[in-house]
Amino acid sequence: WIVNQTQLIVITTPSEHRSFPPLSFERHRTLTPAGIEPGMPTHRDTDYVSFRVDRAKFEVFTLPTEAAKYKLKKGKDVKALSILADNTIYSNIKSKRQAKSEDLEKYFGTTDREVIVNKILLNGKLKVKVYVAQPITEILLDLVFVCEIVGAFYVLLRSGTLRHFLVLCFIVAALVMICMNLSRTVGRFLSTRLLAGKPFNDPLQSDTNLRQFESQIWQLVIHSSMSAIGMWAYSKGPDFMNYPSFYVNAEQLEGKPISAAVEWLYVVQLAVWFVTLISLRFFEVRAADHHVMYSHHVTTIAVVLVSYGFGRYGNFGLVVFLLHDISDVPLDVMKLVNLLHLQGPPTYLAEASYVANMFIWLFSRVYLFPVYVIYYGVWGAMYLEKSPRGNPYWCEKMKPGLPLHQTLVSTGKQDIWKTAYVQDCECCGGIACFVLLCVLQCLHIWWSYLLLRIGYRALILGENSHEVASQEYFVKEDEDEKNTDKKKND
């Protein structure tokens, strides 16, 4: 860079030059030569805050993470204007429409920009498109994860599968590393050879996007593999989706509460989820929904431990695994297509993969999961008398005085009956399983809303699907890639 006949040079290595975070706008202004204003920020590379008053809307661009800190401190010791990415107050930030002076005075009662911006920041809704550190949330989730590690060791040690679990963790971790290294090579080849020209423009040129590609490939491999194993294990037992009263049965009170196939599936799934959570926590690129993903993984591990620990709930876990893994496969494909910029002509792969994903996602996670697992499965086992096919549910069969109770008493299994009845029908196990599955369903609804919003903007409003996905959920491209794309398109 030459400034006033002075040449400034920075030497970087190829593997590191895109690893550094982009300069903040304040530093960017300082380094910009006199008379040249920095490029206007967009809702892709900053946060922004939106504030509504009656029918009017006022929005401001803020430096990444600064608005969240400002809200947390309630504006103390920080000037509102100092955290803005630019000093403009907008009525519509996406169309770059500036707010009128008369509207500012009408709705805020002043023309003092510091006062106006302070009110917008404190009362407005923060639109975060990048990862924002939340130390307290992170610590709480870490503590839950540590407790789950202790619980997993106890449950697996009691079942005699701890050694297998530890071996599987190492195997999964090794396979993940191999898969990610291979996917990096494949990603570079696809990006620089097959997709280097227009309209794709070397989509994985940024380190952030390449790492996202690696992560998504191994998740696709894991979800595909676990879907196949889950289908195999499901085929070994009753059709629980059509016969929900069979989730828990009398045979589970004697000997092994779950079949060998289901038990192996549990151990493999636990190993995969633990490795996945460690990867998410320490190694993967953190997206805006990092803490939501962390919460989802922690909740899923809790569901696995509760259902496996109580034994009789193993069949619930089998169906939960199956629905999650099957619905994750098209989601992974959609993310990969989005990363490779395969939207619009000539392929329309992004649009096609989105439609296919939404059909499978909504059917499995918004219909089958809450209806056939939570309601007909867990809730039915505890509180309903008969299934839709007329078969009596578990707690109905376990009631005192009924044939199952009399049989267990006559064979000297009164204590087994009492323990199972209290755990499943009166407290603890059944309720814990129900609550955890409801938490998972809340996360499903949140992601469904996010995916539907992406579809609305891309398919109904006609916005670029890659841009929409980048803004809403999937990938935040770094500044270097955006500038390179613009140059190539020009």
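Trainee: In which hand does helix 8 pass helix 9?

Mentor: Helix 8 makes a left-handed crossing with helix 9. Bear in mind that this is a predicted model.

Trainee: What makes helix 8 and helix 9 roughly antiparallel?

Mentor: The angle between helix 8, residues 260-282, and helix 9, residues 290-310, is about 155°. Angles over 145 degrees count as roughly antiparallel, and the pair is therefore given that name. Their axes are 10 Å apart.

Trainee: Why is helix 6 called oblique to helix 8?

Mentor: Helix 6, residues 162-194, and helix 8 cross at roughly 50°, and their axes come within 9 Å. That angle makes helix 6 oblique to helix 8, because roughly parallel requires under 35 degrees and roughly perpendicular starts at 65.

Trainee: Which hand does the crossing of helix 6 and helix 8 have?

Mentor: The crossing of helix 6 with helix 8 is right-handed, whereas helix 8 passes helix 9 in a left-handed one.

Trainee: Why is tryptophan 379 called partly exposed?

Mentor: Tryptophan 379 has a relative accessible area of 31%. Buried means under 20% and exposed over 50%, with partly exposed in between, so tryptophan 379 is partly exposed. This residue lies in helix 11.

Trainee: What makes up the nonpolar surface patch?

Mentor: Tyr375, Trp379, Tyr383, Ile431, Val435 and Val439 form the patch, which covers about 520 Å². A patch residue needs over 30% relative accessible area, and Trp379 has 31%.

Terms used
Residues are numbered from 1 along each chain as its sequence is written. This is a predicted model: local features need pLDDT of at least 70, side-chain atom pairs count only at pLDDT 80 or more; totals for chains, interfaces and linings use all residues. Side-chain values use heavy atoms; hydrogens and water are left out. Patches are made of residues with over 30% relative accessible area and no salt bridge: like charges are joined within 9 Å, nonpolar side chains (Val, Leu, Ile, Met, Phe, Trp, Tyr) within 5 Å. Accessible areas come from the Shrake-Rupley method with a 1.4 Å probe; for residues, only the protein chains shown count as cover. A salt bridge is a side-chain nitrogen of Lys or Arg within 4 Å of a carboxyl oxygen of Asp or Glu. Helices (H or I, at least four residues) and strands (E, at least two) are DSSP runs, numbered from the N terminus. Buried means under 20% relative accessible area, exposed over 50%, partly exposed in between (1.4 Å probe, protein chains only). Axes are lines fitted to C-alpha atoms, for helices over the stretch in contact, and angles run from 0 to 180 degrees between N-to-C directions. Angles under 35 degrees count as roughly parallel, over 145 as roughly antiparallel, 65 to 115 as roughly perpendicular and the rest as oblique. A crossing is left-handed if the near helix is turned anticlockwise from the far one by less than a right angle, and right-handed if clockwise.
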